[in-house]
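Subject: Structure handover

Hello,

I am passing this structure on to you. Please open it first, then read my notes below.

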Amino acid sequence: MVLVVPVEKKLMDVKIKDLPNWILTQDFTPKGTIRAFQRGYYQYDNKYVNINKGSTLGVSMVLAADVLFNYCVSYKELKHEQLRKNH
């Protein structure tokens with residue numbers, strides 16, 4: 001008896017007509033969701049951070065996202081500190 005494990009297709013490889021069936025085959029349990037986030041993190045880490053060329057692209061992308069996130073969070077406070085014309 002041979003056990004065949006289905007190969008997971010990436011979202012970009014799924015055709016629109018097969019999308020509902022692909023969604024139903026995904027694992028939406030907490031453990032499956034954590035695994036999906038880990039796979040995404042490791043793919044990002046291997047592509048941008050752990051490269052042999054010594055590029056700082058991955059680290060700079062994380063820092064830029066952090067700056068943008070912090071700006072969005074503190075926008076209300078920064079908006080009130082703008083210089084206003086006195087008239």
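Which helix gives the largest share of the lining of the second largest pocket? The model is predicted, so keep that in mind as you read. The answer is helix 2, residues 30-49, with four residues of the lining.

Here is the rest of that pocket. The space in the second largest pocket comes to about 200 Å³. Its lining residues are E8, K9, K10, L11, W22, Q26, A36, R39, G40 and Q43. Sorted by class, four of the lining residues are charged, three are polar and three are nonpolar.

Now the chain as a whole. The protein chain has four helices and zero strands. Read from the N terminus, the order of elements is α-α-α-α. The chain holds 87 residues, and 6% of them are buried.

Next, the surface. L11, L19, I23 and F28 make a nonpolar patch there. The patch covers about 380 Å². L11 belongs to this patch and also lines the second largest pocket.

One patch member deserves a separate look. I23 sits in helix 1, residues 19-24. Is I23 buried, partly exposed or exposed? I23 has a relative accessibility of 38%, so it counts as partly exposed. The cut-offs behind that call are under 20% for buried and over 50% for exposed.

Best wishes

Methods:
Residues are numbered from 1 along each chain as its sequence is written. This is a predicted model: local features need pLDDT of at least 70, side-chain atom pairs count only at pLDDT 80 or more; totals for chains, interfaces and linings use all residues. Side-chain values use heavy atoms; hydrogens and water are left out. On a 1 Å grid over the protein atoms alone, a cavity is a set of points where a 1.4 Å probe fits but cannot get out, and a pocket is an open set with protein on both sides within 12 Å along at least five of seven lines; lining residues have an atom within 4 Å of a point. Grid points are joined across faces, edges and corners, and a volume is the space filled by probe spheres set on the points. Helices (H or I, at least four residues) and strands (E, at least two) are DSSP runs, numbered from the N terminus. Ala, Val, Leu, Ile, Met, Phe, Trp, Tyr, Cys and Pro count as nonpolar, Asp, Glu, Lys and Arg as charged, and the others, Gly among them, as polar. Patches are made of residues with over 30% relative accessible area and no salt bridge: like charges are joined within 9 Å, nonpolar side chains (Val, Leu, Ile, Met, Phe, Trp, Tyr) within 5 Å. Accessible areas come from the Shrake-Rupley method with a 1.4 Å probe; for residues, only the protein chains shown count as cover. A salt bridge is a side-chain nitrogen of Lys or Arg within 4 Å of a carboxyl oxygen of Asp or Glu. Buried means under 20% relative accessible area, exposed over 50%, partly exposed in between (1.4 Å probe, protein chains only).
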